[in-house]
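The following note sets out points for a colleague reviewing the structure shown below.

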Amino acid sequence: MARHNLVPILSFLLLTLVTLQGTDALHFFKTEPEAVTRINSIHYEVTNNATGTLGGTRFTDKIGITYSKSILQLASEFNCRVFRQSKKSESKNVESIKMYVETMDGVAYTSNDEIHVSANYTADYSGDVKREITGVLYHEVTHIWQWNGNGNAPGGLIEGIADYVRLKAKYAQSHWVKPGGGDRWDQGYDVTARFLDYCNSIRNGFVVDLNTKMKNGYSDNFFVELLGKNVDQLWRDYKTKYDN
Ligand SMILES: [Zn+2]
């Protein structure tokens, strides 16, 4: 009996293995099983509070609740990978992530593990709105997972790290500054994201270590500790490299 059943079982296992080999998910699962279990156990909830408006309808037609939920989960997994928060002790304790589509100004904001996305922005965005909101969600989900130096880190750095994750997820917008662009290292968003990418090119793992250090506090000296130069010198080197 047992011998009789072995062939289909082995074929199934082989097929599963071959299928999984080609996916990034397997790599993630292999390297950080604890993180996968943790991310999977989070409760994800998406509510459209703007139904009947132009943006609320466009959200339903072009993006949708199911897709948004999957992005909240994928972006959480991506954050755990980017920040290498494989163990629970290294990571924030997040039990649920909620997202609301609302009639409001601006693009989006996050507080208390709740992401608010503007229906007005969704309505007015010209171009691939699904891709754009996906990028916005990678940015906002990062705010849930990143450390903020107990509230002492510069706001521009916090926004820069969120856009750095968006950049690494390949959802940067076409109008972002090019590498070397901007006036100050802590200008925030794309400017700081590009600068952090440069810093990470000097030493791979820099952004991971910077985020880890920001768990309990913040000091500009973290740049010296991690790269051997102060942040102003690094900014000058960066501007010189791209000659602007
Ligand atoms: Zn932000």
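Which residues in α8 are buried? They are Leu-157, Ile-158, Glu-159, Gly-160, Ile-161, Ala-162, Asp-163, Tyr-164, Val-165, Arg-166 and Leu-167. A residue is called buried if 20 or more other C-beta atoms lie within 10 Å of its own, exposed if 12 or fewer, and partly exposed in between, with C-beta atoms placed from the backbone.

1. Basis of the note. This is a predicted model, in which local features need pLDDT of at least 70 and side-chain atom pairs count only at pLDDT 80 or more, whereas totals for chains, interfaces and linings use all residues. Residues are numbered from 1 along each chain as its sequence is written. Helices (H or I, at least four residues) and strands (E, at least two) are DSSP runs, numbered from the N terminus.

2. Helix α8. Eleven of the 14 residues of α8 are buried, so this helix is largely enclosed by the rest of the structure. Its buried residues pack against α5 (65–82), α7 (129–145), α9 (189–202) and α10 (206–213); contact here requires C-beta atoms, placed from the backbone, within 7 Å. After α8 comes Lys-170, with a positive phi near 70 degrees.

3. The sheet. An open sheet of four strands has the order β1-β2-β4-β3, with mixed pairing; two strands pair if DSSP finds at least two bridges between them. β1 and β3 are the edge strands, each pairing on one side only. On average, neighbouring strands are turned by 15 degrees against each other, direction ignored. Axes are lines fitted to C-alpha atoms, for helices over the stretch in contact, and angles run from 0 to 180 degrees between N-to-C directions.

4. Strand pairing. β1 and β2 are parallel and share six bridges, with Glu-45 opposite Lys-98 in β2. β2 is also parallel to β4 (residues 114–118), through five bridges; Val-101 has Val-117 as its bridge partner in β4. By contrast, β3 and β4 run antiparallel and are joined by four bridges, and Thr-110 has Ile-115 as its partner in β4.

5. Helices on the sheet. α7 packs on the sheet and touches β2, β3 and β4, its direction making about 25 degrees with that of β3. α5 lies across β1 and β2 and runs at about 140 degrees to β1. In β2 (residues 96–102), the covered face consists of Ile-97, Met-99 and Val-101, and the uncovered one of Ser-96, Lys-98, Tyr-100 and Glu-102.

6. Val-46. This residue of β1 (residues 43–48) is buried, with 22 other C-beta atoms within 10 Å. Leaving out residues up to four places away in sequence, Val-46 touches Ile-65, Ser-68, Lys-69 and Met-99. The C-alpha atoms of Val-46 and Ser-68 are separated by 7.1 Å, although the two residues are 22 apart along the chain.

7. The nonpolar core. The largest nonpolar core has 51 residues, and those with the most contacts inside it are Leu-137, Ile-161 and Phe-195. Domain 1 (33–145) and domain 2 (150–243) both give residues to this core, so it lies between them. Such a core is a set of buried Ala, Val, Leu, Ile, Met, Phe, Trp, Tyr and Cys residues joined through C-beta atoms within 7 Å; the domain bounds come from an automatic or database domain assignment.

8. Asn-211. Located in α10, Asn-211 is buried, with 24 other C-beta atoms within 10 Å. Its contacts, not counting residues up to four places away in sequence, are Phe-83, Gln-146, Trp-147 and Ile-161.

9. Positive phi values. Most residues other than glycine have a negative phi. Asp-113 has a positive phi near 60 degrees; it is in the loop between β3 (108–111) and β4 and is partly exposed, with 16 other C-beta atoms within 10 Å. Asn-150 has a positive phi of about 55 degrees and is in the loop between α7 and α8. With 11 C-beta neighbours inside 10 Å, Asn-150 counts as exposed.

How values were computed
Contact = placed C-beta atoms within 7 Å.
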